[in-house]
Amino acid sequence: MFLKNIDAETRQQIDDLLALYYENGGEIPIHLESLIDLLADLINKKIILKWYNSSEKRDRGSVVPSQGGFNIWLNRLMPFVQRRFTAAHEVGHIIHTFDYTKENPRQRPERESTCIIKNMKEEYICDDIACFILCPQELVIKFIEDFYNIPCQLELFRKKQESSFVARLRLKSKIFEVPTAEFYGYIKRQLGEEKISSLKNSTQ
């Protein structure tokens with residue numbers, strides 16, 4: 001149902017990675033470090049998480065090819081859920097943007113994206129891959145199907161004058177440990193404007 005905008009080979013690689021994660025006892029919320037270790041084994045490349053400090057809010061992280069693999073750089077000063085999402089986004093770049101079959105991986109020319117010149121189509125694809133990894137498709141579908149019946153501590157997730165729709169989104173994003181804005185962008189791109197409008201109107 002989801003990730004219709006990526007090629008079949010990439011989708012299969014993502015499915016294989018998630019299957020391996022769950023076969024090895026992986027749980028939800030996704031443990032990113034374990035997933036990245038499994039990806040390294042799957043593609044036979046070293047993938048190392050590295051950290052730096054930056055107070056610039058837009059400076060979230062990057063993936064940099066190295067001899068025999070990749071370094072994923074993450075801004076330590078970002079909130080926890082944003083660091084998780086950024087790490088998963090960079091995993092998306094490794095799988096989709098780079099040709100990792102080469103000894104020294106390089107970006108595929110048609111998918112190239114840099115810190116200076118962003119390929120926004122590629123960035124959105126990697127956002128979607130990140131959400132697909134962090135938010136299992138079957139649970140997101142159940143979330144949409146049960147959207148009207150999300151009861152429980154809904155009021156605890158409300159802010160002053162916050163709509164019921166936003167409160168439900170924040171509740172689910174908290175369960176998956178992903179940023180609410182990125183989760184909303186994901187389901188909006190996957191489901192389309194009409195479905196989102198229907199959900200909003202149903203929760204007024």
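**View 1. Charges and surface of the predicted chain.** The mean positions of the 29 positive and 29 negative charges lie 6 Å apart. Lys and Arg are taken as positive and Asp and Glu as negative, while His and the chain ends are not counted; each charge is placed at NZ of Lys, CZ of Arg, CG of Asp or CD of Glu. The chain exposes about 11200 Å², of which carbon and sulfur atoms supply 51% (Shrake-Rupley method, 1.4 Å probe; for residues, only the protein chains shown count as cover). The model is predicted, so local features need pLDDT of at least 70 and side-chain atom pairs count only at pLDDT 80 or more, whereas totals for chains, interfaces and linings use all residues. Residues are numbered from 1 along each chain as its sequence is written, and side-chain values use heavy atoms, without hydrogens and water.

**View 2. Fold of the chain.** Eight helices and five strands make up the elements of the chain, in the order α-α-β-β-β-α-β-β-α-α-α-α-α from the N terminus. Helices (H or I, at least four residues) and strands (E, at least two) are DSSP runs, numbered from the N terminus. The C-alpha trace spans about 55 × 40 × 35 Å along its principal axes. The radius of gyration is 17 Å, which agrees with the value near 17 Å for a compact globule of 204 residues (taken over C-alpha atoms; the globule rule is 2.2 Å times the number of residues to the power 0.38). Of the contacts between residues at least 6 apart in sequence, 56% join residues at least 24 apart (contact: heavy atoms within 4.5 Å).

**View 3. The largest nonpolar core, around Ile 47.** Buried residues account for 46% of the 204 in the chain (buried: under 20% relative accessible area, with a 1.4 Å probe and protein chains only). The largest nonpolar core has 50 residues, and Ile 14, Ile 47 and Phe 183 have the most contacts inside it. Such a core is a set of buried Ala, Val, Leu, Ile, Met, Phe, Trp, Tyr and Cys residues joined through side-chain atoms within 4.5 Å. Beyond its neighbours within four places in sequence, Ile 47 contacts Ile 36, Leu 39, Ala 40, Phe 70, Ile 72 and Ile 94.

**View 4. Glu 182 in helix H7.** Helix H7 covers residues 180–191 and contains Glu 182. Glu 182 counts as buried because its relative accessibility is 15%. Leaving out residues up to four places away in sequence, Glu 182 touches Arg 60, Gln 82, Phe 85 and Cys 131.

**View 5. Gln 13 in helix H1.** Gln 13 belongs to helix H1, residues 8–23. With a relative accessible area of 18%, Gln 13 is buried. Its contacts, not counting residues up to four places away in sequence, are Leu 42, Ile 95 and Tyr 100.
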